[in-house]
Amino acid sequence: MAEIQNYTLNFGPQHPAAHGVLRLVLELDGEMVVRADPHIGLLHRATEKLAEQKTFLQSVPYLDRLDYTSMLINEHPYVMAIERLLGIEVPLRAQYIRVMFDEITRIHNHLLSIGTQALDVGAMTMVLYTFREREDIADMMEATTGARMHGAYYRPGGVYRDLPGQMPRYEVNKFKNAKTVKSLNEARSGSLLDFIEDFTNRFPGYCDDYETLLTDNRIWKQRLVDIGIVSAERALQLGFTGPMLRGSGVEWDLRKKQPYEVYDRLDFDIPVGTNGDCYDRYLVRMEEMRQANRIIKQCVAWLREHPGPVIVDNHKVAPPPREKMKGSMEELIHHFKLFTEGIHVPAGEAYAGIEHAKGEFGVYLISDGANKPYRMKLRSAAFTHLSAMDEMAKGHMIADAVTIIGTMDIVFGDVDR
Amino acid sequence: MSAKLEKLCQNLRSALGDRVGSINCALDEVTLVVAVADYSAVAKILRDHPDLRFEQLIDLCGVDYAAYGEVTSAWQEEPAVAPRFAAVSHLLSISHNWRLRLRVFAADNSFPVVDSLTPIWNSANWFEREAFDLFGILFEGHTDLRRILTDYGFIGHPFRKDFPISGYVEMRYDADQKRVIYQPVTIEPREVTPRIIREENYGDSGRG
């Protein structure tokens, strides 16, 4: 029998550890990866082309569906790019609300990322705990936007509506008995801000629990330490951003370095790794959750004190309030034109990049003055990170390829767009 | 324009000399347009020059300017004279904390070719594959220019303005042949909201 040296293994597209529809063609020497060739595009929906056929407002919900594990933050650069082209100033309260939800989304994303990475490398319980907290966050989203996942909440010029004064409560049903409902409703007795504040008080304790489960866990460390090491120079060359770049020891965070919205008024720290391995990136994400929690706390305190408008008063961009629309002819015309024809954005181009939970998420808009974008390019962090798969997985075992996919924190809605 | 962007423009002019096609600063962003022949040389200077130091390529995308400024989104058969395809990249300098947009137009509209930036910034690899896949822009010097997002065996470049939104083929399972087959699309393209460009100050009071 001929001796077989290298062979090729098809990993995915239906593999549970592939985090979606990733087809990874691995060339193996024994159990060692010689070459990893990710085949992506199985979830390609041509969001950018679809946006060219729709008015600016109609595309907002598409953005939610890109990275479907961190929804609201996706809309942020899109509305920011439109606002830059229009040259409008967003009310301060809307900026705070957006920042607060960006950070809530960041926690939402990191909880999934860390939970499922632990699941991939064999720690079953983590994901159960992180999904318990994700449930609370989904409730916040539902109370604010009306949807647990795809909020479509941010608008060019602000946000769709103000925060609700009352948090919805659970009712007894055949799945939840009176005792469960009572304990669930304890935190939900006040407004949404009360509920968020209660969550921020509880959350550091949860983080401690996760760290107890993972940080010094022997198996966790064996699987993550010294896996997928990327030096700072290589991380820059490969276009890494976000936790992937900070894990390699580059102190770069758009929230600090190129502050947008109200980040320059908030107090938070940037965690940085030293070795650039999977374990450092895990620690960075863990600390980012605690910092996000700090930011949310500050936002809640500010939002309590400062009521005000949450969307601009320019009715060529934002619709007039419904009562006014019913009473005034001019407002009716504005309303009608806005929802049939849409916003006319002046000709020009703008790139808006934000510090997304996964890295830099940017929207590059070209407008020719029409009511639809001429070209929209979405720059997603996960796409760039996955392109480094070959370099990161080379020389590692097959099982480490799974760890590396986990540490990249990829979501295919985002990679394939 | 802020002092920082002013300085960036100056540095670009002094470092690149007559290689600068045009520098435009709008909405707090600097756009540099270069000739296709100078493209990779300029990129190398942008990365290595101590006054510029763009260490990161954040984004690279193709743009099809064929229908720019046209009122309808329907494709019109017209002899395209102006350069149609451009590769637009967004660069970021970590050390200077500034950004730059670099645009290069491909010379030939029927066979657009520009240099690959992969040797200068490795992150260009997949971005260029994507631009090739979606727009058919060829990147000379790219070692692995395969399609990336579209289906295996896909024909055409879907993000070009003359490619219909519905595509040309659809896929379904054929019960008789017991396999998945491709057939011409059965849906008609339709436009719910027409594409409109209004004159300036349209709808302002006193203008009807």
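This is a predicted model: local features need pLDDT of at least 70, side-chain atom pairs count only at pLDDT 80 or more; totals for chains, interfaces and linings use all residues.
Residues are numbered from 1 along each chain as its sequence is written, and chains are lettered from A and ligands numbered from 1 in the order in which they are written.

The secondary structure of chain A comprises 18 helices and eight strands, these being DSSP runs numbered from the N terminus, with H or I of at least four residues for helices and E of at least two for strands. The radius of gyration of chain A, taken over C-alpha atoms, is 23 Å, close to the 22 Å that the globule rule gives for 417 residues, so chain A is as compact as a globular protein of that length; the rule is 2.2 Å times the number of residues to the power 0.38. Along the principal axes, the C-alpha atoms of chain A fill a box of roughly 85 × 55 × 45 Å. Of its 417 residues, 52% count as buried, that is, with 20 or more other C-beta atoms within 10 Å of their own, while 12 or fewer makes a residue exposed and values in between make it partly exposed.

## Chain B

Chain B has three helices and nine strands, arranged along the sequence as α-β-β-α-β-β-β-β-α-β-β-β. Buried residues make up 34% of the 208 residues in chain B, and residues 24 or more positions apart account for 53% of its contacts with a separation of 6 or more.

## A helix pair in chain A

Helix H5 (residues 124-145) and helix H7 (residues 192-214) of chain A have axes that come within 11 Å and cross at roughly 165 degrees, the axes being lines fitted to C-alpha atoms over the stretch in contact and the angles running from 0 to 180 degrees between N-to-C directions. That angle makes H5(A) roughly antiparallel to H7(A), a term for angles over 145 degrees.

The residues of H5(A) that meet H7(A) include Thr125(A), Tyr129(A) and Met140(A), and those on the H7(A) side include Phe195(A), Tyr206(A) and Leu213(A). Thr125(A) is exposed, with 11 other C-beta atoms within 10 Å. From Thr125(A) to Leu238(A) there are 113 residues in sequence and 34 Å in space, C-alpha to C-alpha.

Beyond its neighbours within four places in sequence, Ala131(B) is in contact with Leu60(B), Cys61(B), Gly62(B), Ala87(B) and Ile137(B).

The contact between the chains takes 33 residues from chain B and 40 residues from chain A. On the side of chain B that touches chain A, the elements giving two or more residues are strand E3 (56-64) and helix H3 (124-135) of chain B, and E3(B) gives the most, with six residues.

Key:
Two residues are in contact if their C-beta atoms, placed from the backbone, lie within 7 Å. Angles under 35 degrees count as roughly parallel, over 145 as roughly antiparallel, 65 to 115 as roughly perpendicular and the rest as oblique.
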